[in-house]
2 protein chains.
Amino acid sequence: MIRLTRSFLFFWCLAATMVTATAAEIQPVKYVFLFIGDGMSFPQQQMAEAFVQKTENRGLLLNHAFPYRAITSTYAADAFITESAAAATAIACGVKTNNGMIAMAPNGDRLETVAELAKKNGRKVGIISSVTINHATPAAFYAHNVSRGNMYEIGLDLVASGFDYFGGGGLDRPNDTGASAYRGNIYDLAKEAGYTVARTEAEIKALAPGVGKVFAVGNTAALDYAMDSNNTGVRLPDFTRQAIELLDNPNGFFMMVEGGKIDWACHANDGAAALFDIIEFDKAIAMAFEFAEKHPGDVLIVVTGDHETGALTLKNPGSSQIHVTLLANQKVSYDQLSSLTRRAIRENGEEGTFEQIQPFITDMCGLVFTGTSRAGNLVLTAAEVTELENSFATSKAAVLANQSAGQNLLAQTMMRLLNNKSGLYWSSGDHSALPVQTSAWGNQAEQVIHGMRENTDIGKRLKQAVGSSPSTRRVALAP
Amino acid sequence: MIRLTRSFLFFWCLAATMVTATAAEIQPVKYVFLFIGDGMSFPQQQMAEAFVQKTENRGLLLNHAFPYRAITSTYAADAFITESAAAATAIACGVKTNNGMIAMAPNGDRLETVAELAKKNGRKVGIISSVTINHATPAAFYAHNVSRGNMYEIGLDLVASGFDYFGGGGLDRPNDTGASAYRGNIYDLAKEAGYTVARTEAEIKALAPGVGKVFAVGNTAALDYAMDSNNTGVRLPDFTRQAIELLDNPNGFFMMVEGGKIDWACHANDGAAALFDIIEFDKAIAMAFEFAEKHPGDVLIVVTGDHETGALTLKNPGSSQIHVTLLANQKVSYDQLSSLTRRAIRENGEEGTFEQIQPFITDMCGLVFTGTSRAGNLVLTAAEVTELENSFATSKAAVLANQSAGQNLLAQTMMRLLNNKSGLYWSSGDHSALPVQTSAWGNQAEQVIHGMRENTDIGKRLKQAVGSSPSTRRVALAP
């Protein structure tokens, strides 16, 4: 008998009108940090949070250090489910665009990015990513292209940007001679444009204030996963700390730091790799806090994700507990696990049995073949053993016949069983529509978050924050 | 080479300390509404939002009318994944308890609920739910029990509460003669305690101001799903509107309205049923806005979910679009679909073929057997047809042999295929750990949301809002 005594739509309009209170203009802040966890939404953060709570008796900075938090939608101009180029364009420029487009409006108009505006306003600019530096997310801060796939052209835009610090993973296709715009190796062009190009750990560590424009992108296309790195090499927190040191100047800076391999791990449904890359991303955020301590009132830190990847759910059939610490039993990321598994199968050869491969499975993922399976332990159920055995048969046949289909099924099954026992269930190899968390700390953090709903709100507000007159108002650090 | 130049933990503590800014005390508000969408988190809201945007060219009040929104964690004292009793206790009392407990601390201490405090402070109190009124969520506002399963005892507490209005679904086990505390039919006890018990639509519609304490719980154990109701009967918005009329008084009121069948639909992975119950829940919220328009400054509306149910993901393999409007092709909720499907199989009998059941499948879920399958249409792929055919064979055998296992497989497959074509993928029949959205509108809405992180924050702040001196300050409606 529903009788809306007056038009429902009328009340909807009434109520909706009431919330159009506009956020106050953000005043310029001297040091502005933006951290983007690619593919990182609530489930990914909850997973990492649960892990550090159990293993280190602390929480993530990511979740706890930020007093103001918004629920941010991620859809693109032409898509319910975004990818990283459209999402990064929204975050960098404050405009929704089509999937795949880099800092361009759907009609092809070039959009000014927050990084370009910061540069124009006399600030220094740093762009850091754990994946290839001309990948979609960092690209949307310095490049303009109809397609994220035009890696070489994006590399040209990088050189032309004149930004002060690029750090992280190397260039994808730096010497793409087939590109219509080809005019030489991007690294060489960067040198010609005045960049100090540092590609080894020694070269990167040797960079010191006064060096000028820096292109410190390591020697690999992307940084190793944190879990594979053994804490060696120049890692995301190191790049962040170095960029802070090199960019500090009286006019302030804007810095974007992307935890890009979180997304890659989630695409592979590799919970352990995502976990340890989120923890490392959190340590990069710690660098901004360390700096903020010395510059009270002059720092604004914004953290967001660009979308969710993997359709991850934390749950446990038949139980209300999860066991995320079990993920630590995975020795290497899926990238390595898959190749090691193929090698183990190949080495055992035609005569290789499932029993022979079991110690390898236990060694790589902690899964145990004897004992009583129960919640929170790694003992396999009979059904799980059968599944592994079938996967082994498939992968063995594929590996020995050099047929690509099926070669990685055993590694995938090992990893999935460990993920499930840990409480992680992935239902996609791609992105989902889940919103993300955006949080802020520091000067005007509350205003940055106030009323935020869309990822474009991030770009709009950060553009205000990188205005030409950095505020040095001594506002309290705490909200 | 990660070198945190100072202890990471130190910065964690530093940063975490910075955010302990306490929210300002909430001053009493005359009319306080709490809406709980059971099982409703981001994916459920996004689904309903996408639907009304396409079909009605508007948004949900739920998402758009509320200027202040928080990300609220849901875990229980003893569980990573909550159920409704612990969640409702957190929301009603401001204390985390163990799964299954109703307004009691883990040690068994009785917790005062926001509804009890409101009553003590001279307000009137209304409790409304679309599911059974002694179900866990409403129970946590008026009852105290170690187990949500003690339905009869919870019913006794309902009668003893003296609250002014109970509306929605009827009692579960009102005459449980096996209960150790048994002392008669709960409905009779309610009458003896002075309640006007109204169980039919006519009785409920006849209730008028001055009637005194009301127990208007309909004639069924829970309200029909909105999609099954044909807009007949007394629905959630009707109960809400009536409670507002009957409870309005100079001392104000506290009212809790639960969209409880959203959760039941999600347990069944029934996207259409969840969708239309969310839209109806949204219309119940509209009643509070309608009332607020007449009482500027005197109303506070808080909307939350208690947890996510179904591990729902919105996605579409190989596409960035979803097609939620297709859900409208499902004619009835799974409750009815399953029995209708069994009946159709039974009527066709031993000779019944898959071809014979196809028109039924098309009629019930819109799935089409001929034509070209493509994104956004309902034409089945060859693989989907095969899956339906196999499900039919299983269900036919089970139905005709009166074996319960497998009887509903065909109905489940029909529904799942429609859900998937619509962009909905469920990966659980139970709850997940996803946080929920809590939003607020009206008097001090901003303070209610400020710094909110835990579901217990809702209870703590609402307890302040139902203090004994309802504010009639004429603050602006808009924030």
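How many salt bridges does the structure hold over all chains? The count is 30, where a salt bridge is a side-chain nitrogen of Lys or Arg within 4 Å of a carboxyl oxygen of Asp or Glu. The model is predicted, so local features need pLDDT of at least 70 and side-chain atom pairs count only at pLDDT 80 or more, whereas totals for chains, interfaces and linings use all residues. Residues are numbered from 1 along each chain as its sequence is written, chains are lettered from A and ligands numbered from 1 in the order in which they are written, and side-chain values use heavy atoms, with hydrogens and water left out.

Nine strands of chain A form an open sheet of mixed pairing, in the order 2-13-8-1-7-3-4-6-5. Strand 2 (68-72) and strand 5 (196-198) of chain A stand at the edges with a single partner strand each, so one side of each has no neighbour in the sheet. From one strand to the next the twist averages 10°. Helices (H or I, at least four residues) and strands (E, at least two) are DSSP runs numbered from the N terminus, and two strands pair if DSSP finds at least two bridges between them. Strand 8 (residues 299-305) and strand 13 (residues 436-442) of chain A run antiparallel and are joined by four bridges, with Ile301(A) opposite Trp441(A) of strand 13.

Helix 11 (residues 236-247) of chain A lies across strand 1 (31-37), strand 3 (124-132), strand 4 (165-169), strand 6 (214-216) and strand 7 (253-259) of chain A, at about 175° to strand 7. Helix 13 (residues 271-294) of chain A lies across strands 1, 7, 8 and 13 of chain A, at about 170° to strand 1. For these angles, axes are lines fitted to C-alpha atoms, for helices over the stretch in contact, and the values run from 0 to 180 degrees between N-to-C directions.

Arg235(A) lies in the loop between helix 10 (226-229) and helix 11 of chain A, and Glu280(A) in helix 13 of chain A, 45 residues apart. Arg235(A) is buried at 3% relative accessibility, and Glu280(A) is buried at 7%; buried means under 20% relative accessible area, exposed over 50%, and partly exposed in between (1.4 Å probe, protein chains only). Another salt bridge joins Glu347(A) to Arg343(A), with the closest N and O atoms 3.8 Å apart. Both residues lie in helix 14 (residues 334-348) of chain A, four residues apart, about one turn of the helix. Here Glu347(A) is exposed at 62%, and Arg343(A) is partly exposed at 48%. Glu56(A), Arg58(A) and Asp282(A) are linked in a network of salt bridges.

Turning to chain B, strand 2 of chain B has five of its five residues buried, so the strand is largely enclosed by the rest of the structure. Tyr68(B), Ala70(B) and Thr72(B) on one side are buried, as are Arg69(B) and Ile71(B) on the other. Five bridges join strand 2 of chain B to strand 13 of chain B in antiparallel fashion, and Arg69(B) stands opposite Ser439(B) of strand 13.

Over all chains the structure holds 41 aromatic pairs, in which rings of Phe, Tyr and Trp (its six-membered ring) have centres within 6.5 Å; planes under 30 degrees apart count as stacked, over 60 as edge-to-face and the rest as tilted. One of these pairs, Phe33(B) with Phe253(B), is edge-to-face, at 5.3 Å centre to centre and 85° between the planes. Phe33(B) lies in strand 1 of chain B and Phe253(B) in strand 7 of chain B, so the pair ties together parts that are 220 residues apart in sequence. Both Phe33(B) and Phe253(B) are buried. Phe33(B) also forms an edge-to-face pair with Phe291(B), at 6.2 Å centre to centre and 70° between the planes. In chain A, ring pairs link Tyr31(A), Phe33(A), Phe35(A), Phe253(A), Phe281(A) and Phe291(A) into a cluster.

How values were computed: Contact means heavy atoms within 4.5 Å.
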